[in-house]
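This report goes through one protein model, from the whole chain down to single residues. Please keep the sequence and the 3D view open while reading.

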Amino acid sequence: MHSKPLRKRADLTRREMPKQTPAIRTRNFSEVELGFPVETAMEEAARCRQCPDPSCLSGCPIGINIPAFIKCIADSDFSAGIRILREKNHLPAVCGRVCPAELNCEKHCSLKEKNGRISIGRLERFLADWETNQPDRYFSEISPFTGRKAAVIGGGPAGITAAGDLIRLGHRVTVFESFKELGGVLVYGIPEFRLPRSVVRREIEYLAGLGGEFQTSFVVGTMRTIDSILEEYDAVFVGTGVDLPSVADIPGVDLNGVYSANQYLTSMNLGSPIKDHKFLAVIGSGNAAFDCARTAIRLGAEVTLVCKKSRQDIPARPEEVLHAEEEGIVIEPSTQPVHCLGENGWVVSLQCVKAQFDPDENNAAFINGAEISYPVDAVICTIGNNPNPLIAATTPGLEMGEKGNISIDEATGKTSRNRVWAGGDVATGAVSIIASMSAGRKAARSMHQFLCSL
Ligand SMILES: Cc1cc2nc3c(=O)[nH]c(=O)nc-3n(C[C@H](O)[C@H](O)[C@H](O)COP(=O)(O)OP(=O)(O)OC[C@H]3O[C@@H](n4cnc5c(N)ncnc54)[C@H](O)[C@@H]3O)c2cc1C
């Protein structure tokens with residue numbers, strides 16, 4: 001027990017989370033949002049009505065008992081709260097920061113109209129961060145060893161969830177990861193100012209503490225095939241994500257100074273940023289586009305983000321769009337890039353036209369008018385990724401969809417190959433962290449049934 005439990009719900013307004021001011025945060029890479037102090041978290045939790053039939057539950061794809069952990073915070077029983085979270089979530093500190101709660105659990109909160117929805121994501125983060133400062137961590141219970149071994153290929157949110165669930169169900173699990181550490185997009189994509197590396201590392205330590213074994217810097221398909229892994233393991237889960245950038249279909253993208261979001265963010269996260277650009281344009285409007293723009297402004301560039309979508313159709317999280325504007329990024333919605341112009345092989349301007357975006361057709365039609373020219377010395381294209389073809393090329397009989405995604409049975413994650421499951425972005429195309437985690441969980445459940453039947 002910690003501070004005194006808050007029994008009264010005196011002030012019903014949604015609590016704000018402290019954050020760095022724009023003037024300060026654009027000069028550093030530290031986390032923008034600073035987390036709830038204890039008292040604020042308890043006040044926010046005390047606003048929860050503990051509905052008898054809680055609608056927020058239907059908005060959590062991984063089945064967290066949301067009202068129960070929130071009640072623990074209001075009652076200042078934080079260790080009980082983290083236990084409830086850990087029952088269902090191997091990545092609470094990650095989800096509490098970057099899961100689009102506004103589209104999931106919070107969207108279903110019964111308070112949404114009246115007083116502002118409960119900040120479910122921020123309360124999840126509060127508990128996970130509280131746990132960081134405790135001398136001992138709670139590790140979920142693990143079933144007795146079944147004698148079965150599973151391999152997980154890819155250590156992103158899908159792989160971590162599949163691995164965590166399979167371990168808890170009593171199987172021995174090895175995660176094969178091509179990078180030198182686990183995390184997937186959480187470590188090589190999302191910038192430090194939104195999701196610090198130390199936070200992800202601590203979640204990976206948790207998986208290791210449960211008993212997960214990791215083979216890092218290990219590229220499946222090159223160093224060992226799935227068929228070879230199946231000789232040693234009873235079942236395989238593939239969660240290799242999408243890391244092959246799509247190329248923008250406009251002339252001039254082959255000029256020097258034009259980068260993909262992957263190149264830009266990965267080089268930053270690996271410690272060798274692409275920098276010294278003065279005027280930089282980002283093409284796109286998803287989370288990756290805003291992550292690139294906000295990284296570039298911290299590296300000293302003036303940044304314009306152009307996207308064909310209208311302002312209200314921008315798919316990035318609203319709070320990231322707000323943060324970007326506060327930081328001085330110019331957003332040009334309904335703007336279609338048409339070509340990059342170069343001089344001596346280097347990009348010098350991005351030519352665009354105003355466009356009207358039709359969300360139903362996912363397409364933009366040009367509005368007649370003059371081209372707009374943005375003088376630039378760098379352009380970053382963030383128009384999406386596809387799976388790397390390596391796994392498909394080295395796994396005979398593994399059926400793939402049109403865009404190179406692994407075809408699966410949606411309910412179970414089963415692929416066309418016996419003893420091989422898949423899930424997350426590699427199967428669905430880029431979606432979200434929580435969707436990948438949910439896919440990892442579904443597959444683990446089906447793999448468990450299979451492993452127990454052997
Ligand atoms: C810049 C950016 C920002 C994002 N922001 C958000 C956000 O705020 N909120 C949100 O919900 N979603 C966000 N997303 C989307 C989200 O990160 C992904 O949907 C999610 O990470 C997918 O998880 P995954 O496990 O399927 O794949 P990944 O996270 O891509 O993990 C796949 C892992 O497999 C490994 N791998 C690949 N091939 C092999 C191989 N052959 N052998 C061994 N290992 C291999 C990769 O190295 C990687 O570690 C963002 C995406 C990007 C790119």
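**Basis**

The model is predicted; local features need pLDDT of at least 70 and side-chain atom pairs count only at pLDDT 80 or more, while totals for chains, interfaces and linings use all residues. Residue numbers start from 1 along each chain as its sequence is written.

**Chain and domains**

The secondary structure of the protein chain comes to 16 helices and 16 strands. Helices (H or I, at least four residues) and strands (E, at least two) are DSSP runs, numbered from the N terminus. The radius of gyration of the protein chain, taken over C-alpha atoms, is 23 Å, close to the 22 Å that the globule rule gives for 454 residues, so the chain is as compact as a globular protein of that length. That rule is 2.2 Å times the number of residues to the power 0.38. The C-alpha trace spans about 65 × 60 × 40 Å along its principal axes.

Of the 454 residues in the protein chain, 46% are buried. Buried stands for 20 or more other C-beta atoms within 10 Å of the residue's own, exposed for 12 or fewer, and partly exposed for values in between, with C-beta atoms placed from the backbone. Two residues are in contact if their C-beta atoms, placed from the backbone, lie within 7 Å. Among contacts between residues at least 6 apart in sequence, 70% join residues at least 24 apart.

The domain assignment gives domain 1 (22–132), domain 2 (149–243 + 387–453) and domain 3 (245–384); such bounds come from an automatic or database domain assignment. The centres of domain 1 and domain 2, taken over C-alpha atoms, are separated by 26 Å. Their contact takes 18 residues from domain 1 and 24 residues from domain 2. On the domain 1 side, H5 gives the most, with five residues. By class, that side of domain 1 has 11 nonpolar, four polar and three charged residues. Ala, Val, Leu, Ile, Met, Phe, Trp, Tyr, Cys and Pro count as nonpolar, Asp, Glu, Lys and Arg as charged, and the others, Gly among them, as polar.

**Nonpolar cores**

A nonpolar core is a set of buried Ala, Val, Leu, Ile, Met, Phe, Trp, Tyr and Cys residues joined through C-beta atoms within 7 Å. In the largest one, of 82 residues, Ile73, Val94 and Phe237 touch the most other members. Helix H16 (residues 433–453) gives the most to this core, with nine residues. Domain 1 and domain 2 each supply at least three residues to this core. Apart from it lies another core of 39 residues, including Tyr259, Met268, Ala288 and Cys352.

Beyond its neighbours within four places in sequence, Ile73 is in contact with residues including Ala41, Met42 and Ala45. These three residues are among the buried residues of H2, and what covers the buried residues of H2 includes H3 and H6.

In helix H11 (residues 261–269), Met268 is buried, as are Ala261, Asn262, Tyr264, Leu265 and Asn269. Among the elements that the buried residues of H11 pack against are helix H8 (185–188) and H12. Just after H11, Gly271 takes a positive phi of about 90°.

**Ligand shell**

Of the 41 residues around the ligand, Gly154, Gly156, Gly184, Gly241 and Gly424 come nearest. By class, the shell has 21 nonpolar, 16 polar and four charged residues. H12, H14 and H16 are among the helices that each supply at least two residues of the shell.

**Loop residues**

Most residues other than glycine have a negative phi.

His108 lies in the loop between helix H5 (92–98) and helix H6 (120–132). His108 is partly exposed because 17 other C-beta atoms lie within 10 Å. Leaving aside neighbours within four places in sequence, His108 is in contact with Ser55, Cys56, Ser58 and Gly59.

Key: Near = placed C-beta within 6 Å.
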